[in-house]
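Colleague: Walk me through this one, please. I will ask what each label rests on.

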Amino acid sequence: MLALPAMIFLVFALAAPMGLLLIYSFLTENGFVIDAHMTLAQYANVFTREGYRTLFLRSVAISSVVTLVTVGLAYPIAYFVAFRVQRAKFTWLLLLTIPFWTSYLLRVFAWKVILGFNGAINSGLISLGLISKPLEFLLYNPTAVVVTLAHAYAAFAILPIYVSLEKIDRSLLEAAADLGDGPFRRFLRVTLPLSLPGILGAAVLIFVPTTGDYVTPTLVGGSDGVMIANLIQVQFGRVNNWPLGAALAISSMAAVGIIAVAFIQAARLSVARIK
Amino acid sequence: MLSPERVEGSKHEGRGLTVYAVAYLAFLYIPVLLLPLFSFNDSVFIAFPLRGFTTKWYAAMAADTEMHAALWNTLKVGTAASLLSTILGLLAAKALTQAAPLPGRGFVLGFSNLSLFIPEIVIGIALLILITTVGVPLSLTSVGIGHVLICLPFAILVLMSRFEGFDTSLEEASRDLGENAWMTFWRVTFPIVLPGIIASLLLTFIVSFDDFMIAFFLCGTDTTLPVYIFGELRFPYKLPNVLALGAAILIASAVLVALAEWVRRLGAEGPARNRVIGA
């Protein structure tokens, strides 16, 4: 009963719009009128145009690298807070989460300021006399997108991994040590497998939204860093082809969902084999 | 569960990890802190070396009426979205943590967290299609609906962690002593959950305040602050103004988050103690 207001709200604000988005993806834009005839034309378009495929594959590639880098960098810090920090855990967690709550747009902007042609790195290196003209490879490419996103999504990796490490029963670690495992083997055989739910959770929480990110590729990606969200936005802006935009959104969400589920299954299977 | 002695690794490894942790914090904070640093720099170019101290960018910001209108819009939407999502979240969190398991609990929880797993651009365009199909003009109201949607998972998570470990026998005692359901809520449940409510109000306000993507699609001509900033970023000569504004926003939201976390931890013993938002 008490959950009813939230459920009603979600039906109107989430289920209804997502349903309409799906319907729109079967329609066609005819000048300024929407043709209400149901057709698969948009999807045919999405799957046959090579440019769209390139853009989608690039988005998935960028997000995969972002996921790998972010989780890899975050694991030691989550481990540190879970096992090393004794009294100041709360302070550490707060310090690690505060940037996550500050404006995402401004954090992306900060990287534009850092990596730009006249940005902090270039001007800093020039005034130190280390380089004579600005490095142009810093901004407006996929690497800039990866760095910016890895920074922006740090908290999404740290928190789930921290929670799964914190849950590990410490007596299991003592048992492994008593039975003769060195620190490294114990980490590989006990700590790492037990923290896997956190790693997988973090991977999905990063991979899914970053494939659909718009702000970062727009501000730091340049023409080589354009991602699928830019293509979707253009359909709702300049190009004004909403049905195509809807089909692009639905098919990339479906593909990303399938990749995420396949990844989790594969990870589970490989761990089951190690055990 | 937590044994006080060090159970993992050697002391040597411990020092390496501490160095790494400090380096990681530097990676998180230095980019963000460059904005306040350059906001006091006396140059239109955001570059080293620093040219001297100035507060003129803040003066320019204070005189920018277009920005004030955007700020006012953002504050209105943020207040409405945080109030609504916290009320919806409070009721849902109560239902989700009741002793008698809620029928379809998994569905309710999954449905309310679903928006976390949908890219914001998709939420934006889906709501845009709905609102134009219904035929209502885009306004702050449409932005507000989108913001309640993305704020709701945060409200529910924060409030659920407050309700867990809540002793329901206090409510039973109150009813046995003759209070009706409303007075029981008002005099027993509400004061206990209050820190959670305040934390939820603050955090959902920040989520709404910071949102660019949804407002970008739904605000129409009622520009919010992030949409305004995004527009300004296209003009290099306006960047210093954005720096001053950005620095002010960063510091304000950091203070709000710290406050929310502190309030949420007040008296939160037991299961809620080591938990952090989003965990």
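Modeller: From the N terminus on, chain B runs α-α-α-α-α-α-α-α-α-α-α. This is a predicted model: local features need pLDDT of at least 70, side-chain atom pairs count only at pLDDT 80 or more, and totals for chains, interfaces and linings use all residues. Residues are numbered from 1 along each chain as its sequence is written, with chains lettered from A and ligands numbered from 1 in the order written.

Colleague: How many helices and strands are in chain B?

Modeller: There are 11 helices and zero strands. Helices are DSSP runs of H or I with at least four residues, strands runs of E with at least two, numbered from the N terminus.

Colleague: Why is a set of residues called a nonpolar core?

Modeller: Because its members are buried Ala, Val, Leu, Ile, Met, Phe, Trp, Tyr and Cys residues joined through C-beta atoms within 7 Å. The largest such core has 167 residues, and I125(B) is one of those with the most contacts inside it. Helix 6 (residues 140-163) of chain B gives the most, 15 residues.

Colleague: Which residues does I125(B) touch?

Modeller: Contact means C-beta atoms, placed from the backbone, within 7 Å. Leaving out residues up to four places away in sequence, I125(B) touches L21(A), I232(A), F236(A), G245(A), A249(A) and F217(B).

Colleague: How many residues does the contact take from each chain?

Modeller: 76 from chain B and 72 from chain A. Helix 1 (residues 11-39) of chain B supplies the largest share of chain B's side, 13 residues.

How values were computed. Buried ≥ 20, exposed ≤ 12 C-beta atoms within 10 Å, placed from the backbone. Contact = placed C-beta atoms within 7 Å.
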